[in-house]
Amino acid sequence: MIGKTYTTVLGGRELSIETGRLAKLASGSVTLRYGDTLLLVTAQAREEKSTLDFLPLTVEFEERHYAVGKIPGSFHRREGRPGERAILSARITDRQIRPLFPKGYRHETQVIITVLSADQQNLPDVLGPIGASAALSISDIPWQGPTACVRVGLIDGQYVLNPTADQLTRSRLDLVVAGTKDAVMMVEAGAQIVDEETMVGAIEFAHAGMQGVLDLITQMRAELGREKFNFLADGDLATDLVPELAEAARAAGLRDALLTVKKKDRAANLGALRDRLIQDRMMEGEVEGAEERIVALKAAFGKVEKQELRRLILQEDLRADGRNSKTVRPIWIEARPLPRAHGSAIFTRGETQVLGVATLGTERDEILVDDLTTEENDKFLLHYNFPPYSTGEVKRMGGQSRREVGHGHLAKRALRAVLPSFEEFPYVLRVVGEVLESNGSSSMATVCAGTLALMDAGVPLKAPVAGVAMGLVIEDGQYRILTDILGLEDALGDMDFKVCGTAEGVTALQMDIKVGGITPAIMREALAQAREARLHILSKMAEVLPAPRPELSPTAPRILSLRINPELIGKVIGPGGKQIRELEAMGAQITVEEDGAVRIFSADSAAAEAVRARIEALTREAKVGEEYEGTVVKTAPFGAFINLFPGQDGMLHISQMSEERINAVEDVLNVGDKLRVKIANIDERGKIDLIRPELEGKIAPREPRPARAGGDRGGRPPRRD
């Protein structure tokens with residue numbers, strides 16, 4: 001028998017994990033099936049140790065278009081670089097498994113998730129982490145799992161485990177949670193303003209729901225798991241140097257150096273202190289082993305720095321910039337700093353600064369999202385840019401990094417919950433967050449700057465949104481939650497918990513843990529402390545811009561809307577698009593929907609009005625009883641054809657032209673004559689019979705014409721050959 005399969009029930013549907021059949025040369029390999037969604041997940045590590053001073057872990061999420069029966073739309077008709085959703089899916093897996101690699105492990109490790117089949121209902125993003133956990137657990141790679149990952153929805157007030165794609169469209173919450181048997185490790189959510197207690201309840205529900213998966217992977221590891229290979233941890237020499245170096249550093253002024261308020265000054269003071277201590281410990285003229293000893297001393301100083309910072313926080317409630325654990329850094333805000341942008345704002349919190357810019361566009365600016373889960377047009381774009389100068393560094397600038405994609409997505413989820421519907425405000429919206437300075441929590445500053453920029457543009461948001469990043473230091477049962485963390489506290493602390501929301505509730509959150517997980521009690525406390533900070537930040541934003549501006553920005557284009565008969569869309573488009581090109585040449589962009597909704601988009605209001613008048617004339621419909629000042633365009637023995645308005649003629653029968661009998665139409669009317677006419681009848685084929693209103697009641701009305709096959713529109717007689 002080839003392969004072995006393990007099954008459990010997750011969210012009322014069977015989840016199966018098979019190993020031993022595919023990709024058998026990989027250190028760990030599993031196929032995971034949920035409904036008709038099928039993933040292949042492999043884990044592999046290099047035998048030789050890396051020289052890098054960090055864990056060289058990469059996670060790839062490979063979407064194959066054949067999984068949904070498609071051929072890629074690229075020029076070469078093959079998959080290219082990962083799309084945004086693939087990147088976000090890879091980040092979910094990375095953030096779940098990274099904390100559980102042993103300290104000092106430096107072997108290059110790669111997890112590859114390949115989507116082989118996607119039923120577009122059972123979403124693969126939360127299945128990839130389960131597959132990664134299983135593959136690592138049965139491999140020989142040192143890893144301290146297992147973990148599991150699930151999604152929770154909130155539909156009609158009830159939590160739903162692993163909702164389908166259709167169910168998610170009706171959910172007020174999209175929550176992804178990863179955890180171990182005893183604790184939660186990673187959380188990511190978007191929500192329609194959900195209160196904190198409901199959010200904690202959903203996280204607890206998720207943790208309970210993943211236990212069957214954890215038991216399954218534990219069983220797999222017990223029955224099939226390979227022996228983990230031994231590795232040499234970094235820092236053995238550095239660890240030996242820590243006790244003596246710590247005492248010397250404290251005596252030399254480590255506390256004062258750590259408590260320097262400014263980031264650059266603090267780094268300079270700590271660097272100078274470290275160099276003095278290293279120099280004191282290097283023997284004059286020492287050559288052999290000097291480089292290795294310097295590296296070890298630097299590593300040891302880093303450990304000492306971390307220990308002292310954590311001690312100050314836990315024992316003295318004192319942070320690197322002098323704040324206590326609950327204080328938000330000073331905030332200053334400027335609205336509309338850019339004169340030509342539709343909306344703009346600068347949000348500065350401490351040494352973190354973001355320029356938010358909002359742009360209003362038409363439906364032509366929407367982006368097509370075409371991946372393995374959905375195909376839709378997104379009318380809200382948010383882009384987060386993190387240039388190297390924002391941290392005082394010089395780096396090569398290329399495409400958007402995975403970090404930028406992830407931070408931008410979080411800010412986008414936070415703001416999407418408060419946007420007006422497209423029917424209420426028919427603009428495509430783009431927000432750009434330009435990070436100008438970064439010392440912690442730039443994604444949360446992007447949420448604040450983005451909110452202000454949208455309100456500055458006159459976008460009618462349901463409520464302002466603010467964000468704050470929370471940290472955690474936990475040791476020996478003692479912990480302290482930190483509000484508005486610095487970059488140093490993010491690096492040396494145990495948690496990065498970003499919370500966004502309005503005054504009423506949460507719209508997005510993201511939590512990453514560097515320890516084995518946290519309890520619901522700590523999470524409740526962190527959310528409550530984040531709420532206090534969020535309300536403080538919202539109050540500071542309200543001092544500058546308390547609500548969306550009542551009028552659109554002067555530089556923002558205007559949209560005029562009207563609705564026409566869908567059967568008349570062809571008149572607006574014209575043959576080969578000729579008519580709509582002529583309309584747009586008048587100075588506007590035009591979109592026409594299948595239901596007859598027409599939107600005219602122009603920065604010139606006069607041009608927009610002119611285009612609207614032209615479209616109304618093109619699509620004007622005749623009605624019985626209406627009167628028109630018409631023009632004779634053709635005569636025939638039986639009557640005259642009168643143009644009522646562009647594109648619409650009616651027929652005035654010879655019997656309706658005069659009280660007296662006339663012998664020829666030309667005795668009364670000629671081409672080019674203008675006269676007042678009234679619509680007497682419109683038959684089922686749209687043919688219009690006219691009368692002269694001044695003769696109404698004076699001559700006998702003409703009987704409506706019977707429908708005749710072969711007749712032309714407008715009352716023309718049938719053709720006779």
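Predicted model: local features only at pLDDT ≥ 70, side-chain atom pairs only at ≥ 80, totals over all residues.

Reader: Is Thr502 buried or exposed?

Author: A residue counts as buried when its relative accessible area is under 20%. Thr502 has a relative accessible area of 1%, and is therefore buried. Leaving aside its neighbours within four places in sequence, Thr502 is in contact with Ile193, Val418, Ala463, Pro464, Val465, Thr507, Arg534 and Leu538.

Reader: What separates the C-alpha atoms of Gln219 and Ala248?

Author: Sequence separation and spatial separation have to be read as two things. Gln219 and Ala248 are 29 residues apart along the chain, and their C-alpha atoms are separated by 50 Å. Gln219 itself sits in helix H5, and its relative accessibility of 37% is why it counts as partly exposed.

Reader: Let us turn to sheets: in what order do the six strands of the open sheet stand?

Author: We read a sheet from strand to strand across it, which gives the order E1-E2-E3-E4-E6-E5, with mixed pairing. Strand E1 (4–10) and strand E5 (57–63) are at the edges with a single partner strand each, so one side of each has no neighbour in the sheet. From one strand to the next, the twist averages 20 degrees.

Reader: Which way do E3 and E4 run, and how many bridges join them?

Author: Strand E3 (residues 28–34) and strand E4 (residues 37–45) run antiparallel and are joined by seven bridges, with Arg33 standing opposite Leu38 in E4. E5 and E6, by contrast, run parallel, and seven bridges join them too; here Thr58 stands opposite Gln110 in E6.

Reader: Which residues make up the covered face of E5?

Author: In a regular strand, side chains alternate between the two faces of the sheet. In E5 the covered face holds Leu57, Val59, Phe61 and Glu63, while Thr58, Glu60 and Glu62 form the uncovered one.

Reader: Which helix lies across E1, E2 and E3?

Author: That is helix H5 (residues 211–224), which runs at about 165 degrees to E1. Helix H2 (residues 127–138) also packs on the sheet, where it touches E1, strand E2 (13–19), E3, E4 and strand E6 (109–117), and its direction makes about 145 degrees with that of E3.

Reader: Finally, at what angle do helices H8 and H9 pack?

Author: Helix H8 (residues 263–280) and helix H9 (residues 290–316) pack at about 130 degrees, their axes 10 Å apart, and are therefore oblique to each other. The crossing in which H8 passes H9 is right-handed. In this contact Leu270, Leu273, Arg274, Leu277 and Ile278 of H8 meet Ile294, Leu297, Lys298, Phe301 and Glu305 of H9, a set that divides into seven nonpolar, no polar and three charged residues.

Terms used
Residues numbered from 1 in each chain as written. Heavy atoms only, no water. Pairing = 2+ DSSP bridges. Helix = DSSP H or I, 4+ residues; strand = E, 2+ residues; numbered from the N terminus. Axes fitted to C-alpha atoms, helices over the stretch in contact; angles between N-to-C directions. Contact = heavy atoms within 4.5 Å. Parallel < 35°, antiparallel > 145°, perpendicular 65-115°, else oblique. Left-handed = near helix turned anticlockwise from the far one by under 90°. Nonpolar A, V, L, I, M, F, W, Y, C, P; charged D, E, K, R; others polar. Buried < 20%, exposed > 50% of the residue type's maximum accessible area, 1.4 Å probe, protein only.
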